[in-house]
Amino acid sequence: MTPSSSASLLLFAALLIVTLGYIASCVLWPFKACRTCHGEGKFRSPFIRAVRLCGACKSTGLRPRAGLKAWNAYRRLHRKNRRNR
Ligand SMILES: [Zn+2]
């Protein structure tokens, strides 16, 4: 085995481990905290005691991660293709 092929094999194995780790973390934690409201789901006014709901996360405080969005897009496409058959 040449040194370049073993290095590319090592790089491929590292990318495979990182990808599988990201998929596993997306299965365990599919949502992340909303960036707009920092996971609160609402905003508080600095002066008066008014509360405004976050529109970016629909006041849940959670946003789907990129892996979940990709999985949902794949499922939507697959479902649409099956329906058209
Ligand atoms: Zn939010």
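A residue counts as buried if 20 or more other C-beta atoms lie within 10 Å of its own, and as exposed if 12 or fewer do. By that rule, helix α1 is hardly covered, as the count of buried residues among its 26 residues is 0. The model described here is predicted. Its protein chain contains 2 helices and 4 strands, and buried residues make up 2% of its 85 residues.

**Overall layout**

- Read from the N terminus, the elements of the protein chain follow the order α-β-β-β-β-α.
- The C-alpha trace of the protein chain spans about 70 × 40 × 20 Å along its principal axes.
- The radius of gyration of the protein chain is 21 Å, whereas a compact globule of 85 residues would have one near 12 Å.
- Of the contacts in the protein chain between residues at least 6 apart in sequence, 42% join residues at least 24 apart.

**Helix α1**

- Helix α1 covers residues 3-28, which is 26 residues.
- From the first C-alpha of α1 to its last, the helix reaches 37 Å, close to the 38 Å expected at 1.5 Å a residue.

- Glu40 is partly exposed because 16 other C-beta atoms lie within 10 Å, a count between the limits of 12 or fewer for exposed and 20 or more for buried.
- Thr19 and Glu40 are 21 residues apart in sequence, and their C-alpha atoms are 30 Å apart in space.

- Most residues other than glycine have a negative phi.
- Lys58 has a positive phi of about 55° although it is not a glycine.
- Lys58 is found in the loop that runs between β3 (51-53) and β4 (62-64).
- With 11 other C-beta atoms within 10 Å, Lys58 is exposed, since the limit for that class is 12 or fewer.
- Ser59 is not a glycine either, yet has a positive phi of about 60°.
- The loop between β3 and β4 also holds Ser59.
- Ser59 has 16 C-beta neighbours inside 10 Å and therefore counts as partly exposed.

Conventions. Residues are numbered from 1 along each chain as its sequence is written. This is a predicted model: local features need pLDDT of at least 70, side-chain atom pairs count only at pLDDT 80 or more; totals for chains, interfaces and linings use all residues. The radius of gyration is taken over C-alpha atoms; the globule rule is 2.2 Å times the number of residues to the power 0.38. Two residues are in contact if their C-beta atoms, placed from the backbone, lie within 7 Å. The expected span of a helix is 1.5 Å times one less than its number of residues.
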